[in-house]
Amino acid sequence: MRAKRSILNLSFGLGSQFITIFLGFFIPRLIMVNYGSEANGLIASIVQIISYLALLEAGVGAASLQALYKPVAQNDQRHINSILAATSSYYKKTGVYYFFAVILIAIIYPLVIHSEINKLSIVLIILFSGLGGAINYYFQGKFRILLIAEGKSYVETTIVTVANVLNNVVRIILLLQGVNIIAVQASFFVLTLLQIVVFYIYMKKNYKWIDLSLKPDFEAIGQKNSVLVHEISYLVFRNTDVLILTLFTNLKIVSIYVMYNMIFTIVDNVVQTVNGSVKSALGQSYHEGKEQFLKLYDAYEVYFMGLIFSILTVAYILILPFMRLYTAGVNDVNYINFWLPVLFVAIKLLTNVRTSANNVITIAGHFQKTQNRSILESAINLTASIAFVIFFGIYGVLLGTIAALLYRSIDIVIYANKVLLDRSPWVTFKRWFTNIGVFAVIIAVTSMINIQITSYLAVILWGAILGLVILPIYFLVSSLMEKSVFLYAFGHFKGYRSKIKHKVSSSSKVSV
């Protein structure tokens with residue numbers, strides 16, 4: 001059942017990402033062409049600031065998820081309801097804070113930012129960008145956590161994907177018609193409300209046993225404040241760059257950053273979709289036996305790391321050819337820069353290769369014990385980024401993020417392996433170095449190939465060709481370096497395939 005749900009989560013998640021990526025590519029270019037780079041930078045800046053409001057949910061959401069793994073594994077519906085009752089109480093309270101925070105941002109932001117866009121337009125863009133999230137947070141946040149804990153995130157993914165498709169199609173049509181940018185953002189707000197209604201109907205129909213009137217188990221989510229510290233750290237290193245660039249440079253520089261970050265955020269989303277699809281299986285396995293968990297964990301870390309490196313290798317090779325094509329005709333600022341892909345790849349590697357180790361810390365519930373480390377990461381990132389941006393501009397914020405990630409990524413691996421897995425962290429570090437070596441060799445070889453990209457079809461074809469060659473190289477090298485992990489993963493795969501064949505064979509006999 002867990003394997004089936006993980007595959008469903010992965011399939012629906014990746015399908016959602018590809019659809020969203022395909023449609024999402026059109027929107028920034030249409031905004032830049034029709035309204036200029038400044039408008040693109042403005043919307044990106046607002047989205048990043050609004051994302052900080054996720055802090056209101058951060059502690060409760062992650063703490064509730066960690067608390068739900070065990071009762072979900074035991075199918076203890078009463079305990080699940082008591083945890084959800086506590087979660088719901090916090091969500092309702094902070095949902096009100098979320099709403100007023102959006103109003104406050106809409107008032108203050110236009111007074112702080114220097115832009116040729118009129119202040120009333122900025123206020124309305126902020127309201128339409130943020131209020132949908134506030135309502136979404138208030139009504140469906142607790143149910144989303146339950147679905148993730150049960151390994152059913154594919155349900156939410158399906159609803160969100162359909163809403164995103166409708167939203168993007170409507171926005172593209174409006175942009176092509178040259179409609180006011182305010183109307184474009186208003187369409188996003190309306191479709192967010194529609195998504196909430198559909199989600200609410202699904203939960204009412206399929207989870208009739210949920211009873212939020214039970215006594216709330218506030219103790220189960222008692223680590224919410226410690227979790228909040230970790231989430232603040234994550235949001236700081238992920239979103240502070242745009243805010244600092246907005247304050248210390250200009251919206252055109254923000255637009256350059258956003259365009260490169262858009263590509264690498266897609267990589268992030270694909271990688272995190274894969275991680276999210278199996279995290280519930282890891283979480284439940286952790287509470288059932290350490291020996292089996294270690295085998296599953298090692299197999300996951302080895303091949304998940306190979307996936308991360310392979311995707312980022314392809315992204316690094318194609319990013320500049322793609323950017324030349326994508327920004328053709330946009331002449332108010334130069335988007336082609338050799339060093340930006342280098343720095344972005346370094347950031348994304350450091351961010352994602354620590355994911356498996358960070359999963360262990362999250363699943364084990366070691367939030368309070370590691371919160372000081374997260375605080376230090378945030379402090380390094382914020383301090384270094386502000387200091388460097390003054391001298392190095394856009395490079396400065398990236399270097400500040402790298403400085404923080406170097407410290408924290410190494411620290412996470414050491415803590416997870418030594419404290420929780422009771423082994424040397426060199427097990428993971430060796431996997432890092434192996435993949436870095438493969439990355440260097442592939443980049444050296446492909447640098448001798450003249451990749452000509454004159455259309456988006458060429459981008460897709462080159463991406464597919466490079467992916468089909470590069471991914472097996474990483475997996476092959478990892479398998480040769482770790483034969484025991486390969487044998488376990490291969491045996492696990494064969495076992496699951498045999499179950500599928502048996503089910504297909506049984507259903508055929510019944511049909512006959």
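Leu-349 touches Ile-308, Phe-309 and Leu-312, residues up to four places away in sequence not being counted; contact here means heavy atoms within 4.5 Å. The place of Leu-349 is in helix H12, helices (H or I, at least four residues) and strands (E, at least two) being DSSP runs numbered from the N terminus. Leu-349 and Leu-312 are 37 residues apart in sequence, yet their C-alpha atoms are 7.7 Å apart in space. With 13% relative accessibility, Leu-349 counts as buried, where buried means under 20% relative accessible area, exposed over 50%, and partly exposed in between (1.4 Å probe, protein chains only).

The structure is a predicted model, in which local features need pLDDT of at least 70, side-chain atom pairs count only at pLDDT 80 or more, and totals for chains, interfaces and linings use all residues. Residues are numbered from 1 along each chain as its sequence is written, and side-chain values use heavy atoms, with hydrogens and water left out.

The protein chain contains 18 helices and zero strands. Of its 512 residues, 53% are buried. Among contacts in the protein chain with a separation of 6 or more, 84% are accounted for by residues 24 or more positions apart.

Asn-337 is found in the loop between helix H11 (290-326) and helix H12 (339-352). Although placed in a loop, Asn-337 counts as buried, at 17% relative accessibility. Its side chain makes a polar contact with the side chain of Tyr-395 at 2.7 Å; a polar contact is a pair of N or O atoms within 3.5 Å, of which, within protein, one must be able to donate a hydrogen and the other to accept it, and residues adjacent in sequence count only if both atoms are side-chain atoms. The side chain of Asn-337 also reaches the backbone nitrogen of Leu-340, at 3.3 Å. When neighbours within four places in sequence are left aside, Asn-337 is in contact with Tyr-260, Leu-320 and Tyr-395.

Helix H13 (residues 355-364) is mostly covered, nine of its ten residues being buried. The buried residues of H13 are Thr-355, Ser-356, Ala-357, Asn-359, Val-360, Ile-361, Thr-362, Ile-363 and Ala-364. Gly-365 follows H13 and has a positive phi, near 75°. A positive phi, near 55°, is also found at Asp-422, a residue other than glycine. Asp-422 is placed in the loop between helix H15 (394-420) and helix H16 (426-446), and at 61% relative accessibility Asp-422 counts as exposed.

Phe-429 lies in helix H16 and is buried, with a relative accessible area of 9%. Leaving aside neighbours within four places in sequence, Phe-429 is in contact with Ile-410, Val-413 and Ile-414. The C-alpha atoms of Phe-429 and Val-353 are separated by 9.9 Å, the two residues being 76 residues apart along the chain.

Two packed helices are described by the angle between their axes and the distance between the axes. Axes are lines fitted to C-alpha atoms, for helices over the stretch in contact, and angles run from 0 to 180 degrees between N-to-C directions. Helix H7 (residues 153-176) packs with helix H8 (residues 181-206) at an angle of about 160°, with the axes 9 Å apart. H7 is therefore roughly antiparallel to H8; angles under 35 degrees count as roughly parallel, over 145 as roughly antiparallel, 65 to 115 as roughly perpendicular and the rest as oblique. The crossing of H7 and H8 is right-handed, a crossing being left-handed if the near helix is turned anticlockwise from the far one by less than a right angle, and right-handed if clockwise. Residues making this contact include Ile-159, Ala-163, Leu-166 and Val-170 of H7 and Val-184, Phe-188, Leu-191 and Phe-199 of H8. The residues of the contact of H7 with H8 divide into 16 nonpolar, four polar and two charged, where Ala, Val, Leu, Ile, Met, Phe, Trp, Tyr, Cys and Pro count as nonpolar, Asp, Glu, Lys and Arg as charged, and the others, Gly among them, as polar.

The axes of helix H3 (residues 37-51) and helix H6 (residues 119-149) come within 10 Å and cross at roughly 45°. This angle makes H3 oblique to H6, and H3 passes H6 in a right-handed crossing. In this pair, Leu-42, Ile-46 and Ile-50 of H3 meet Ile-122, Ile-125, Ile-126, Ser-129 and Gly-130 of H6. The residues of the contact of H3 with H6 comprise six nonpolar, two polar and no charged.
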